[in-house]
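Biologist: I would like to go through the labels on this model. Tell me what stands behind each one.

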Amino acid sequence: GLTETNQQVVTQPQYTRAVKELIAGLDETDKDSQALVRMEQGYLRQHLFHGRDAAACALCGNSYSPTFLVTAHVKKRSIGSEPERLDMENIVMPLCKFGCDELYEHGYVIVRAGRIEEGIEIDPSDRAYIYRKRLIGKTCCHWAMGENARSYFHDHAKYHGLVEGTT
């Protein structure tokens with residue numbers, strides 16, 4: 001498998017071919033193991049970080065070592081189609097492990113029109129409320145990726161019951 005020390009940049013055609021080879025003969029991109037394995041995850045992580053010493057969190061904008069960043073799905077992976085899962089450029093973004101990943105994953109923040117907005121309510125006495133407050137109104141750099149990314153952000157908010165309809 002890929003490791004973060006591997007300096008090779010993965011292109012979209014290489015990623016698509018590699019994932020299709022991994023899932024050849026399977027019905028989906030998951031396989032039975034001790035647990036479900038996200039077969040494409042290493043490639044997506046390699047795409048985001050490809051040997052860099054640091055990268056910016058797409059929400060807070062702070063720069064961290066890849067050790068402190070996750071490869072976060074913009075649209076929940078569990079509801080994404082195979083073509084969406086293969087959309088390497090748009091389906092994932094780097095989020096820090098210091099709060100942004102959890103807030104986004106669970107719908108406490110959403111991205112609309114390129115800006116971070118409040119999502120699901122947080123008790124004001126919770127420290128997460130204060131952390132989230134610092135994010136509200138900031139620009140999410142991943143929004144600029146284009147129409148697919150924007151659609152995935154909408155799907156994320158819709159999944160959490162925060163918007164209706166289509167993009």
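Modeller: Start with contacts. Which residues does His156 touch, not counting residues up to four places away in sequence?

Biologist: His156 touches Val74, Tyr104, Glu105, Gly107, Val109 and Ile110. Keep in mind that this is a predicted model. Where does His156 sit?

Modeller: His156 is in helix α7, residues 147-159.

Biologist: Why is His156 called buried?

Modeller: Its relative accessibility is 1%. Buried means under 20%. Therefore His156 counts as buried.

Biologist: Which other residues of α7 are buried?

Modeller: Among them are Ala149, Tyr152, Phe153 and Ala157. The buried residues of α7 pack against α3, α4, β4, α5 and β5.

Biologist: Why is Lys76 called buried?

Modeller: Its relative accessible area is 17%. The cut-off is under 20%, so Lys76 is buried. Lys76 lies in the loop between β3 and α3. It touches Glu105 and Tyr159, leaving out residues up to four places away in sequence.

Biologist: Now the aromatic pairs. How many does a search of the whole structure find?

Modeller: Four.

Biologist: What makes the pair of Phe68 and Phe98 tilted?

Modeller: The ring centres are 5.5 Å apart and the planes are at 35°. Stacked needs under 30 degrees and edge-to-face over 60. Phe68 lies in the loop between β2 and β3, and Phe98 in the loop between β4 and α5, so the pair ties together parts that are 30 residues apart in sequence.

Biologist: Are Phe68 and Phe98 buried or partly exposed?

Modeller: Phe68, at 38%, counts as partly exposed. Phe98, at 44%, is partly exposed as well.

Biologist: Why is the pair of Tyr104 and Phe153 called edge-to-face?

Modeller: The planes are at 85° and the centres 6.2 Å apart. Edge-to-face needs over 60 degrees, so the label holds. Tyr104 lies in helix α5 and Phe153 in helix α7, so this pair ties together parts that are 49 residues apart in sequence. Both residues are buried.

Methods
Residues numbered from 1 in each chain as written. Predicted model: local features only at pLDDT ≥ 70, side-chain atom pairs only at ≥ 80, totals over all residues. Heavy atoms only, no water. Helix = DSSP H or I, 4+ residues; strand = E, 2+ residues; numbered from the N terminus. Buried < 20%, exposed > 50% of the residue type's maximum accessible area, 1.4 Å probe, protein only. Contact = heavy atoms within 4.5 Å. Phe/Tyr/Trp six-rings, centres within 6.5 Å; stacked < 30°, edge-to-face > 60°.
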